[in-house]
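Subject: Structure handover

Hello,

Here is the structure for you to open. My notes on what was found follow below it.

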Amino acid sequence: MALFDLPLDELRTYRSRSAEPEDFDAFWSTTLEEARAYDLDVRYEPVDTGLSTVRVYDVTFAGFGGHPVKGWLRLPAGATEPLPLVVEFVGYGGGRGLPHENLLWASTGRAHFMMDTRGQGSTWGAGGDTPDPVGSGPAHPGYMTRGIEAPETYYYRRVLTDAVRAVEAARAHPLADAARTVVAGESQGGGISIAVGGLVPDLTAVAPDVPFLCDFPRAVTLTDRRPYREIGAYLSTHRGRTAEALRTLSYFDGVHFAARGRAPALFSAALEDQTCPPSTVFAAFNAWAHDEKAIEVYDFNDHEGGGPYHQVAKLDWLRSYA
């Protein structure tokens, strides 16, 4: 599809109509306080990968509810001093993959932590290893409507809590420099990085690419592509629950986390992106609170966004921060 959303000059000033809950901060403060009542219990197990330039550790830590969450920590071989740290989150349906994958960040001399997303990892890539032991009420296939009846039971409450704990687990390693921590991700991973950017106050930088989980009221009525369409499909069956669902989603909307962003940020958007429409991305970017922010726009791309071209842009941008 060619351009279908707002013109670029309107995107640059677009503001979401997503209503922020009055108890948004209290909800997340309580959620994280409850999670931190469990010992982080982080463990790093060396993995024999056959790689000579990168060391890999199989990581387990306690996420939401004390549930075990997996990740990979990749370090440049021979590192002896604390390194800048990149914590990365995975796109929708994917998992952490295999230990020899995703070597870009460690190849730049940084520590790289990739969090496995609970319950996901069976749609694309090489798989995931973290179950989600929490059930939910009736839901449409996928993850978007699991527990949507209330913010306390919603699936992404667990995922975003895991993500904050992932930063804590990565920072606990002696070769990770906590004072130089960046969070990043594409699509769902980008949406998670925005949330973490609003929940963790002392990050160095945030890099969300074509982020998902932003401006739910517009997204669910603008695109008929999954995953947002899962919400519309659920509501087409559960008639009359729209207000209830949108209330739940408002606690997880990247627009509200962005308003609390306290680090420099580099976003990306693609103007033909039907999965994460550009107006939803700009809604979060325009709300981002820190003055140092930029957005790379890819005019004729769908959800692949800038791909390897945007990797070049991120590598160049991050030199100033970590």
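Start with the strands. Strand β2 (residues 54-62) and strand β3 (residues 68-76) run antiparallel, joined by nine bridges. Please keep in mind that this is a predicted model. Valine 59 stands opposite glycine 71 of β3.

β2 has another partner. Strand β1 (residues 43-47) pairs with β2 over five bridges, in the antiparallel sense. Here tyrosine 44 has valine 59 in β2 as its bridge partner. β1 and β2 also form a hairpin, this one with six residues between the strands. Glycine 50 sits in its turn, with a positive phi of about 80°. How much of β2 is buried? Eight of its nine residues are, so β2 is largely enclosed by the rest of the structure.

Next, β4. Seven of the seven residues of strand β4 (residues 83-89) are buried, so this strand too is largely enclosed by the rest of the structure. β4 runs parallel to strand β6 (residues 176-186), and six bridges join them. Leucine 83 has alanine 176 in β6 as its bridge partner. β4 also runs parallel to strand β5 (residues 111-115), with four bridges. There, valine 86 is partnered by histidine 112 in β5.

Now the packing. The largest nonpolar core has 78 residues. Those with the most contacts inside this core are Phe89, Phe113, Met144, Tyr156, Val196 and Phe267. Helix α4 gives the most to this core, with 10 residues. Another core, of 10 residues, lies apart from it; among its members are Val86, Ala205, Ala207 and Ala322.

What does tyrosine 156 contact, leaving aside its neighbours within four places in sequence? The list is Trp28, Tyr92, Gln120, Tyr143, Met144, Gln188, Phe212, Leu213 and Phe252.

In α2, Phe24, Phe27, Trp28, Thr31, Leu32 and Ala35 are buried. These residues cover an arc of only 120° around the axis, which puts them on the same side of α2. What covers the buried residues of α2? The cover includes α4 (155-171), α5 (188-199), α8 (242-250) and α9 (254-258). At 1.5 Å a residue, the 13 residues of α2 (residues 24-36) should span 18 Å. The end C-alpha atoms are 18 Å apart, which agrees.

Last, aspartate 215. Where is aspartate 215? It lies in the loop between β7 (205-209) and α6 (216-222). Is aspartate 215 buried or exposed? Its relative accessible area is 1%, under the 20% cut-off, so aspartate 215 counts as buried. The side chain of aspartate 215 makes a polar contact with the side chain of tyrosine 14, at 2.7 Å. Leaving aside neighbours within four places in sequence, aspartate 215 is in contact with Tyr14, Ser16, Arg17, Ser18, Asp253, Val255, Ser279, Thr280 and Ala283. Arginine 247 is 32 residues from aspartate 215 in sequence. In space the two are 12 Å apart, C-alpha to C-alpha.

Best wishes

How values were computed: Residues numbered from 1 in each chain as written. Predicted model: local features only at pLDDT ≥ 70, side-chain atom pairs only at ≥ 80, totals over all residues. Heavy atoms only, no water. Helix = DSSP H or I, 4+ residues; strand = E, 2+ residues; numbered from the N terminus. Expected span 1.5 Å × (residues − 1). Buried < 20%, exposed > 50% of the residue type's maximum accessible area, 1.4 Å probe, protein only. Arc of directions from axis to C-beta. Contact = heavy atoms within 4.5 Å. Polar contact = N/O pair within 3.5 Å; in protein donor to acceptor, adjacent residues only side chain to side chain. Core = buried A, V, L, I, M, F, W, Y, C linked by side-chain atoms within 4.5 Å. Pairing = 2+ DSSP bridges.
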